[in-house]
Amino acid sequence: MSNYTDRSITCKDCKLDFIFSAGEQEFYETKGFQDPARCKTCRDARKIAKQVKEAVSAGESNTTSSQETVAQFWNEEGEEQPHRQRRRR
Ligand SMILES: [Zn+2]
């Protein structure tokens, strides 16, 4: 059994110190991963950003449908105004 101790690492992205816990170090060691350079928040943010990027590039044919959704949203917003004007006496 190796003895791991919690370590403090400065995140590359937000420059804040985060704890790389003993348990995580053991996990990284067994997986053969390098020490994390970023805190969990920044890693999650990057993961999501990557997923969004992949989804956008993978579904280029889907861009029209998302544009339609946006158009629908704006139409719904626009329809509210005549109602409000009618209520005004
Ligand atoms: Zn960070």
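These questions and answers walk through a predicted model of one protein chain.

Student: In what order do the elements of the protein chain run from the N terminus on?
Tutor: The chain holds three helices and two strands. From the N terminus on, the order is β-β-α-α-α.

Student: How many bridges join strand β1 and strand β2, and in which sense do they pair?
Tutor: Strand β1 spans residues 7–10 and strand β2 spans residues 17–20. Ser-8 stands opposite Ile-19 in β2. The pairing is antiparallel, over four bridges.

Student: Which residue in the hairpin of β1 and β2 takes a positive phi?
Tutor: Look between the strands, where the hairpin has six residues. A phi near 65° is found there, at Lys-15.

Student: How many Å does helix α2 reach from its first C-alpha to its last?
Tutor: Helix α2 covers residues 40–58, 19 residues in total. At 1.5 Å a residue, 27 Å is expected. The model comes close to that, at 26 Å.

Student: What is the count of buried residues in α2?
Tutor: A buried residue needs 20 or more other C-beta atoms within 10 Å of its own. Across the protein chain, buried residues make up 1% of the 89 residues. Helix α2 is hardly covered, and its count is zero.

Student: Which element has the lowest mean pLDDT?
Tutor: The chain averages a pLDDT of 81, and 65% of the residues score at least 70. Strand β1 has the highest mean, 97. The lowest mean, 55, belongs to helix α3.

Note on methods
Residues numbered from 1 in each chain as written. Predicted model: local features only at pLDDT ≥ 70, side-chain atom pairs only at ≥ 80, totals over all residues. Expected span 1.5 Å × (residues − 1). Buried ≥ 20, exposed ≤ 12 C-beta atoms within 10 Å, placed from the backbone. Pairing = 2+ DSSP bridges. pLDDT = per-residue confidence, 0-100.
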